[in-house]
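Here is a friendly walk through one protein model, meant to be read with the structure open beside you.

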Amino acid sequence: MLDHETAFVEAFVVPDKRVRYRELLASGKRGKLTAKLDHTRDLDIGMARSIAPDNQDADSILRMLLDLGASQTCHVISSDSRLDGQEMDLAAVLVDIVGHGNATFVSCIPGRLGYFEGAEKGERFIFKA
């Protein structure tokens with residue numbers, strides 16, 4: 001679990017916020033960390049690929065992630081407490097989060113590939129290092 005989360009911070013959080021995110025992970029203050037996901041300004045958007053509006057459904061996003069090398073299992077960092085910190089089936093988590101307004105980062109390959117579902121409508125990005 002920490003490999004996915006540490007790699008997420010190192011690869012996809014803006015450099016000046018990484019220390020704070022690492023501190024939150026180490027202290028067990030997940031609520032503060034996941035609350036920050038609601039505002040994408042701490043994520044390095046330079047690592048993000050926007051998803052065309054006609055491909056912003058769970059099935060299309062799943063196909064894109066699998067084509068980029070994702071496996072069927074992922075790690076979830078989410079403002080939704082029932083999902084946060086879980087290892088989950090990628091297809092199932094995408095069905096659960098796409099379009100539901102809870103900021104969630106799905107780590108597919110630690111520090112190399114992930115998906116972000118923001119709290120705002122249409123805020124969907126694939127993160128690739």
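Predicted model: local features only at pLDDT ≥ 70, side-chain atom pairs only at ≥ 80, totals over all residues.

Six strands make an open, antiparallel sheet, running in the order E1-E6-E5-E4-E2-E3. Strands E1 (48–50) and E3 (87–89) stand at the edges with a single partner strand each, so one side of each has no neighbour in the sheet. On average, neighbouring strands are turned by 30° against each other, direction ignored. E4 and E5 pair over five bridges, and Phe105 has Phe116 in E5 as its bridge partner. Two helices pack on this sheet, as the table shows.

| Helix | Strands touched | Angle between directions |
|---|---|---|
| H4 | E4, E5 and E6 | about 160° with E5 |
| H5 | E2, E3, E4 and E5 | about 90° with E3 |

**The cores.** The largest nonpolar core has 20 residues, and Leu65, Leu90, Val93, Leu94, Ile97, Val106 and Tyr115 touch the most other members. Helices H4 (58–67) and H5 (90–97) each supply at least two residues of this core, as do strands E2, E4 and E5. Beyond its sequence neighbours within four places, Leu65 is in contact with residues including Leu90, Leu94, Tyr115 and Ile126. A second, separate core of 17 residues includes Phe8, Val9, Ala11 and Phe127.

**A buried arginine.** Arg124 is found in strand E6 (residues 124–128). Is Arg124 buried or exposed? Arg124 counts as buried because its relative accessible area is 11%, under the 20% cut-off. Its side chain makes polar contacts with the side chains of Gln56 (2.9 Å) and Glu117 (2.9 Å). Among the other residues that Arg124 touches are Arg49, Ile61, Val98 and Tyr115.

Technical notes: Residues numbered from 1 in each chain as written. Heavy atoms only, no water. Core = buried A, V, L, I, M, F, W, Y, C linked by side-chain atoms within 4.5 Å. Buried < 20%, exposed > 50% of the residue type's maximum accessible area, 1.4 Å probe, protein only. Helix = DSSP H or I, 4+ residues; strand = E, 2+ residues; numbered from the N terminus. Contact = heavy atoms within 4.5 Å. Polar contact = N/O pair within 3.5 Å; in protein donor to acceptor, adjacent residues only side chain to side chain. Pairing = 2+ DSSP bridges. Axes fitted to C-alpha atoms, helices over the stretch in contact; angles between N-to-C directions.
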